[in-house]
Amino acid sequence: MSITAWIVLNYSLPTEPSRHRVAVWRALKKIGAVNIQQSMWILPDHADNRVTLQKIAREIETNQGEALLMDSVFSDERHEERIISLFNQIRDDEYQELIRECEKYLLEIAKEVAHEKYTFAELEEEEAELEKLTAWHAKIAARDLFHASHAGEAENKCQEIAMVFEDYSQRVYAHEIVT
């Protein structure tokens, strides 16, 4: 017995121009859809996913493609569990990449502190990077429909970089006030 209703999009597009295929792929990845077969993508059925997939299907058809949007349920729980596992694996890969980038950010801030590079320009640069990482985390978390195992680690790492940035910000402020 299926625990989730699903929406499946199956489509085909002409190979040229390739920008249409890339645009569809990017749109599907952005909303967290999972590719389960060639040009067959799946998402849990809820209003936002349905509206977005309908929009993508119209875009496919506008570009001389064919789209089939289907409601689905799994007749075997094992199959659904396999799909949920695939969702989680993809999200965990994204979280791990984010965590690696956060580690690089922490090293960068540590380098600036070690060199006592306390300038407003550097602070703005680090703030922009922090905002980028924070926004990236929010996008992954929004796609994390089944609570991937690295979600907590990524959340903790984002909190850590925010605290490290705040400390660096205070150091820059103190340096600017003194000089």
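**Note on helix α2 and its surroundings**

1. The buried residues of α2 pack against β1 (6-12), α1 (18-30), β3 (40-44) and β4 (66-72). Buried means under 20% relative accessible area, exposed means over 50%, and partly exposed lies in between (1.4 Å probe, protein chains only). Contact means heavy atoms within 4.5 Å. Helices (H or I, at least four residues) and strands (E, at least two) are DSSP runs, numbered from the N terminus.

2. This is a predicted model: local features need pLDDT of at least 70, side-chain atom pairs count only at pLDDT 80 or more, and totals for chains, interfaces and linings use all residues. Residues are numbered from 1 along each chain as its sequence is written, and side-chain values use heavy atoms, leaving out hydrogens and water.

3. Check the length of α2. Its 16 residues (47-62) should span 22 Å at 1.5 Å a residue, and the end C-alpha atoms are 23 Å apart, which agrees. The expected span is 1.5 Å times one less than the number of residues.

4. Which residues of α2 are buried? They are Asn49, Leu53, Ile56, Ala57 and Ile60. Seen down the axis of α2, they fall within an arc of 105 degrees, so they line one face of the helix. The arc is that of the directions from the helix axis to the C-beta atoms. An α-helix has 3.6 residues a turn, so residues three or four places apart point the same way.

5. Now turn to the other side of α2. Ala47, Asp48, Val51, Lys55, Arg58 and Thr62 are exposed there. Just after the helix, Gln64 takes a positive phi of about 65 degrees.

6. The axes of α1 and α2 come within 11 Å and cross at roughly 175 degrees. The two helices are therefore roughly antiparallel to each other. Val24, Ala27 and Leu28 of α1 make the contact with Leu53, Ile56 and Ile60 of α2. By class, this contact has six nonpolar, no polar and no charged residues. Axes are lines fitted to C-alpha atoms, for helices over the stretch in contact, with angles from 0 to 180 degrees between N-to-C directions. Angles under 35 degrees count as roughly parallel, over 145 as roughly antiparallel, 65 to 115 as roughly perpendicular and the rest as oblique. Ala, Val, Leu, Ile, Met, Phe, Trp, Tyr, Cys and Pro count as nonpolar, Asp, Glu, Lys and Arg as charged, and the others, Gly among them, as polar.

7. Lys30 sits in helix α1. Lys30 is exposed, at 60% relative accessibility.
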